[in-house]
Amino acid sequence: RLLSAALDEAPVAAWKWKEAVMGDGAGASCTGAERELAERVQAATGGEAIVLSTCARLDVYAFGPATENLTEIVADDVGGRASSWRGNRLFAPRYAAPVDLRPKLVTRDGADAARHVFGVACFAGLELCEFDPFDSHQAHVVKQIKAAFDDATAGASPPCGPRLSALLRLALETGKSARDGRSCRAIGKLRGQTASGVALAELRQEVATAVQATVLEPSVVRAAESFRALDAGPRIRELNALADETVEDALRRAPSAAALEAAARKAAKRATHAPMMRLRAGEVVAIDVV
């Protein structure tokens, strides 16, 4: 489950707090506040969590047994901290009610959540008609995702677990592929483009749509496959353990090399006993037949 809020839709106090504690998104490093929020979300949901803070958004990604309450958890946490921060500011406006983010938070689940993450990596949260694969400012979001991923996976007990790690790794690959003409040939149409105005917007829309079809949507399918593989992991490990136990049991039951040698000698003696007795009796025995 994913929770997101856009800069132009959330209360000003919340974004002032975000910029004060997480930065304005101009850099590509985390301040530690993102990790702390992710750890609080992880503790409340009993699963995994990661926080992505950019210049235009605050996203919370969570996976676990209690993510249905993610909106309330994040709204209470961020809203409460933003209210306290605002109250401690000397010249900040004073409001009777605390900051309420609930009406501004958007929740996505499953494939829609993955599609949103990959869309941020590809298009930096902009409209498709604004897509420019050669713009370093738009590509900067990939560095921000990488910083959020590194921050949430560092240490002995990181809030980001195997499922969100798989999702963010795919997001990084998708963001890079969205700017690579080898992944989507339509990107080449924007190289050295001199069009402007409506014509340029339409061309960018066309290329972005192609990126969606050839890069983004296949990544959504890969994400589903990765999650299915992770879901099947415990059963696969159980079957592998059973196979190992079966082999070990068979080896324990198998005769030793000495026992095999003794059995072979015994069989050879049985096979040659009758011919030997016939030879002793003076009969002619063909050795090659024996």
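A: Gladly, and a definition comes first: a salt bridge here is a side-chain nitrogen of Lys or Arg within 4 Å of a carboxyl oxygen of Asp or Glu. Please keep in mind that this is a predicted model.

Q: Fine, so how do the side chains of Lys-146 and Asp-150 meet?

A: They form a salt bridge, with an N to O distance of 2.7 Å. Both residues belong to helix H5, which covers residues 136-153, and they are four residues apart, about one turn of the helix.

Q: How many salt bridges does the structure hold?

A: The structure holds 18 salt bridges. One of them joins the side chains of Arg-115 and Glu-217, at 2.8 Å from N to O. Arg-115 sits in helix H4 (residues 110-123) while Glu-217 sits in helix H7 (residues 197-253), so this pair ties together parts that are 102 residues apart in sequence.

Q: What about accessibility for Arg-115 and Glu-217?

A: Arg-115 has 29% relative accessibility and counts as partly exposed, and Glu-217, with 31%, counts as partly exposed too.

Q: Which residue does Arg-163 pair with?

A: The side chain of Arg-163 meets that of Asp-231 in a salt bridge, with 2.7 Å from N to O. Because Arg-163 lies in helix H6 (residues 162-177) and Asp-231 in helix H7, the pair ties together parts that are 68 residues apart in sequence. Arg-163 counts as buried, at 16% relative accessibility, whereas Asp-231 counts as partly exposed, at 49%.

Q: Which residues do salt bridges with shared partners join into one network?

A: Arg-40, Asp-77 and Arg-81 are joined in that way.

Q: Switching to packing, at what angle do H6 and H7 pack?

A: The angle is about 160 degrees, and the axes of H6 and H7 are 10 Å apart. An angle over 145 degrees counts as roughly antiparallel, and H6 and H7 are therefore roughly antiparallel to each other. The crossing of H6 and H7 is right-handed.

Q: Which residues meet there, and how do they divide by type?

A: On the H6 side they include Arg-163, Ala-166, Leu-170 and Glu-173, and on the H7 side they include Leu-216, Arg-222, Phe-227 and Asp-231. The residues of the contact of H6 with H7 divide into eight nonpolar, four polar and four charged.

Terms used
Residues numbered from 1 in each chain as written. Predicted model: local features only at pLDDT ≥ 70, side-chain atom pairs only at ≥ 80, totals over all residues. Heavy atoms only, no water. Helix = DSSP H or I, 4+ residues; strand = E, 2+ residues; numbered from the N terminus. Buried < 20%, exposed > 50% of the residue type's maximum accessible area, 1.4 Å probe, protein only. Axes fitted to C-alpha atoms, helices over the stretch in contact; angles between N-to-C directions. Parallel < 35°, antiparallel > 145°, perpendicular 65-115°, else oblique. Left-handed = near helix turned anticlockwise from the far one by under 90°. Contact = heavy atoms within 4.5 Å. Nonpolar A, V, L, I, M, F, W, Y, C, P; charged D, E, K, R; others polar.
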